[in-house]
Amino acid sequence: MNPILVFGLAIILIGGGLTAVFFLYRGNDVHRRLAELNLDSAADKGGRGGVAIHKLLDDTQRRTLARRLTEGGWYDVTPVKMAAYMLSGAGVGAVLGVLGGIYTGKFDVTSVIIFLALTVGGFIAPSAMLDRAIGARKKSIQRELPNFLDMVSTSVEAGTALSQ
């Protein structure tokens with residue numbers, strides 16, 4: 001049997017199995033009850049599959065990622081969802097790399113490098129999008145800050161409230 005086909009099928013089966021475990025594992029009743037009592041961690045888990053990803057992030061990583069998400073203005077994305085996006089991107093990159101190797105019919109160093117590059121690129125893409133959103137938001141704030149300060153200064157000098 002062709003080693004490229006065996007490699008591709010192995011990667012797809014492993015990825016499919018991990019994805020199935022991720023989406024089907026919901027935790028037991030004790031985990032659900034503890035999540036109900038601890039409201040901040042229950043909201044952070046994001047529903048299905050959140051337990052598995054929640055275990056991947058420690059508190060400092062979760063806080064850092066939450067701060068970055070807030071800086072970027074991504075208020076509806078939790079750190080667990082962002083980690084899921086990053087893992088999904090890596091999975092998509094891995095599948096595309098395997099399919100590319102199967103399509104070309106070659107199993108050499110170049111196909112392995114392309115596979116690894118697509119996997120790493122898929123993992124990094126959501127983080128790069130967040131970095132771009134943070135930069136755009138900071139630039140927007142820097143652009144609008146002088147107008148806001150001018151309006152506050154004028155309102156204070158006139159003795160009026162900002163709400164008027």
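Leaving aside its neighbours within four places in sequence, which residues is Ser 127 in contact with? The legends below take this up after a note on the model.

This is a predicted model, in which local features need pLDDT of at least 70 and side-chain atom pairs count only at pLDDT 80 or more, while totals for chains, interfaces and linings use all residues. Residues are numbered from 1 along each chain as its sequence is written, and side-chain values use heavy atoms, with hydrogens and water left out.

View 1. Apart from neighbours within four places in sequence, Ser 127 is in contact (heavy atoms within 4.5 Å) with Arg 68, Met 82 and Met 86. Ser 127 has a relative accessible area of 17% and is therefore buried (under 20% relative accessible area, 1.4 Å probe, protein chains only).

**View 2. Packing of helix H6 (residues 79-104) against helix H7 (residues 109-158).** The axes, which are lines fitted to C-alpha atoms over the stretch in contact, lie 7 Å apart at an angle of about 150°, so H6 and H7 are roughly antiparallel to each other (angles over 145 degrees). Residues making the contact include Gly 89, Gly 93 and Gly 97 of H6 and Phe 115, Gly 122 and Ser 127 of H7. By class, the residues of this contact divide into 13 nonpolar, six polar and no charged, with Gly counted as polar.

**View 3. The largest nonpolar core.**

Definitions and conventions:
Axes fitted to C-alpha atoms, helices over the stretch in contact; angles between N-to-C directions. Helix = DSSP H or I, 4+ residues; strand = E, 2+ residues; numbered from the N terminus. Parallel < 35°, antiparallel > 145°, perpendicular 65-115°, else oblique. Buried < 20%, exposed > 50% of the residue type's maximum accessible area, 1.4 Å probe, protein only. Core = buried A, V, L, I, M, F, W, Y, C linked by side-chain atoms within 4.5 Å.
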